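Dear colleague,

I am passing on the structure below, together with some notes on its strands. Please read the notes with the model open beside you.

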Amino acid sequence: IFKMVYRKLGTSGETSVLTQWKSGWNPFSVPGYKKKIKRIKVYYTGTEGTLTFNYKSEDGYVDRSFDIDLSVNPANSIQDQYEGTNEAKVFIHFPVYNQIDDPAPNSEYYQWSITEDGSETWSIDRVEFQYETDPNLYD
């Protein structure tokens with residue numbers, strides 16, 4: 001839903017606009033097999049705000065999120081998750097495996113979503129998933 005207002009007299013504009021995008025359920029071109037996500041790379045541009053990237057499994061066991069700080073310049077960052085240059089940024093996420101309350105991301109289908117609630121321009125150029133295919137057929 002978008003709200004647009006026109007006034008002849010000047011007023012303060014919106015301070016933020018919620019942006020949401022959600023994928024469909026994706027088998028990563030290998031239907032019938034479970035996939036264990038090993039790494040997610042997000043290629044993006046932006047200078048201000050925070051992107052929240054969520055991914056979940058169709059069986060409901062995995063529902064995780066991580067944040068990307070758009071203001072970080074990877075060339076000057078000592079944080080290992082940020083790579084690239086200020087014009088071509090990459091954020092790398094490695095899922096945590098086998099915690100008692102948070103199982104490894106191992107599923108046939110995944111869905112992901114991206115949200116951001118600022119007012120600055122940003123873009124996602126691509127998202128890469130590295131995964132390992134489980135040799136056992138999905139039951």
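A residue is called buried if its relative accessible area is under 20%, exposed if over 50%, and partly exposed in between, with a 1.4 Å probe and protein chains only. Strands are DSSP runs of E with at least two residues, numbered from the N terminus, and two strands count as paired if DSSP finds at least two bridges between them.

This is a predicted model, in which local features need pLDDT of at least 70 and side-chain atom pairs count only at pLDDT 80 or more, while totals for chains, interfaces and linings use all residues. Residues are numbered from 1 along each chain as its sequence is written, and side-chain values use heavy atoms, with hydrogens and water left out.

I would begin with strand S6 (residues 89–93), where 5 of the 5 residues are buried, so this strand is largely enclosed by the rest of the structure. Lys89, Phe91 and His93 cover one side of S6, and Val90 and Ile92 the other. S6 pairs in the antiparallel sense with strand S2 (residues 33–46) over 5 bridges, and there Tyr43 stands opposite Val90. S6 also pairs with strand S5 (residues 82–84), again antiparallel, over 3 bridges; Tyr82 has Phe91 in S6 as its bridge partner, and 4 residues lie between S5 and S6 in the hairpin that they form.

Elsewhere, 4 strands make an open antiparallel sheet in the order S1-S8-S3-S4. Strands S1 (19–22) and S4 (63–69) are at its edges with a single partner strand each, so one side of each is left without a neighbour in the sheet. Within this sheet, strand S3 (residues 50–57) and S4 pair over 7 bridges in the antiparallel sense, and Thr50 stands opposite Asp69 in S4.

With best wishes
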